Amino acid sequence: LKAPFEDQDWLKKILLMGVVNVLICITVIGIFVGLPNLIGWGVTYGRSRINGGTQLPEFGFGYIGLGYRFILSMLVYGVIAIVITMVVGAIGMLLGKIASVLALVWLPVQLVVALGIALIGMPMAYRFVVHDDTMAGIKIGWAISFIMANLGTVLMFFVTVLICGLISGAMGIVPIVGGMFGAAIGQAWNMAAIAQLAKATNNA
């Protein structure tokens, strides 16, 4: 949580990256610029911290290519995750039509599946950031092995990312700027967590 604030210019950098890129994302075409740029900025920050850096990357649009590489690396797993989520959701709807109590019983299953998808996906994001693996999204077997070999550390990492996500999401309560600021600080927190995970696992 404190990592981005180690940069004395954190407020300027976070605000610029958040406000400008989220504003760009509001347009249909802009989402293909703003979102990848913000992701690439985050990856740049994560890699910097792995190498001992503490400064947030400067504001700019030079991160778009890296952002697209990250998105493409996770594309296969993203499609798999969407399909599984839709199937599990459809089962819940069918059970609800049979009896509402069945749908309620199915809710914990949906929650476990969602958490499982997120848990397996995070080491894949880690693999791209740390090892620049453009095929990270298909390394499901590796991700499971990585989790099992570093279970306690990965679970701490997972909980940390969830907490950071809740905090950055809650910033959206503040009109206009809050959500934009939250998007950028959330990226910084996630990548700082990945950098910390890399150090804890010796860049496994």
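T201 is found in the segment after α8 (177–200). Helices here are DSSP runs of H or I with at least four residues, numbered from the N terminus. The structure is a predicted model, in which local features need pLDDT of at least 70, side-chain atom pairs count only at pLDDT 80 or more, and totals for chains, interfaces and linings use all residues. Residues are numbered from 1 along each chain as its sequence is written, and side-chain values use heavy atoms, with hydrogens and water left out.

T201 is buried, at a relative accessible area of 8%. Buried means under 20% relative accessible area, exposed means over 50%, and partly exposed lies in between, for a 1.4 Å probe and protein chains only. The side chain of T201 reaches the backbone oxygen of L197 at 2.8 Å. Leaving aside residues up to four places away in sequence, T201 touches Y126, F146, N150 and T153. Such a contact requires heavy atoms within 4.5 Å.

Two of these neighbours carry aromatic rings that take part in ring pairs. A pair of aromatic rings is described by the distance of the centres and the angle of the planes. Rings of Phe, Tyr and Trp (its six-membered ring) pair if their centres lie within 6.5 Å; planes under 30 degrees apart count as stacked, over 60 as edge-to-face and the rest as tilted. The count comes to 7 aromatic pairs. In one of them, Y126 and W142 are stacked, 6.4 Å centre to centre with 15 degrees between the planes. Y126 lies in helix α5 (residues 100–131) and W142 in helix α6 (residues 140–149), so this pair ties together parts that are 16 residues apart in sequence. Y126 is buried, with a relative accessible area of 0%. W142 is partly exposed, at 22% relative accessibility.

W142 also stacks with F146, at 5.0 Å centre to centre and 20 degrees between the planes. Both residues lie in helix α6, 4 residues apart, about one turn of the helix. F146 is buried, with a relative accessible area of 4%. Elsewhere, ring pairs link F5, W10 and F181 into a cluster.

Charged groups also meet aromatic rings. The charged end of R127 sits over the ring of W142, 4.7 Å from its centre. The charged end of R47 sits over the ring of F128, 5.1 Å from its centre. A charge sits over a ring if NZ of Lys or CZ of Arg is within 6 Å of the ring centre and within 35 degrees of the ring normal.

Terms used. Helices (H or I, at least four residues) and strands (E, at least two) are DSSP runs, numbered from the N terminus. A polar contact is a pair of N or O atoms within 3.5 Å; within protein, one must be able to donate a hydrogen and the other to accept it, and residues adjacent in sequence count only if both atoms are side-chain atoms.
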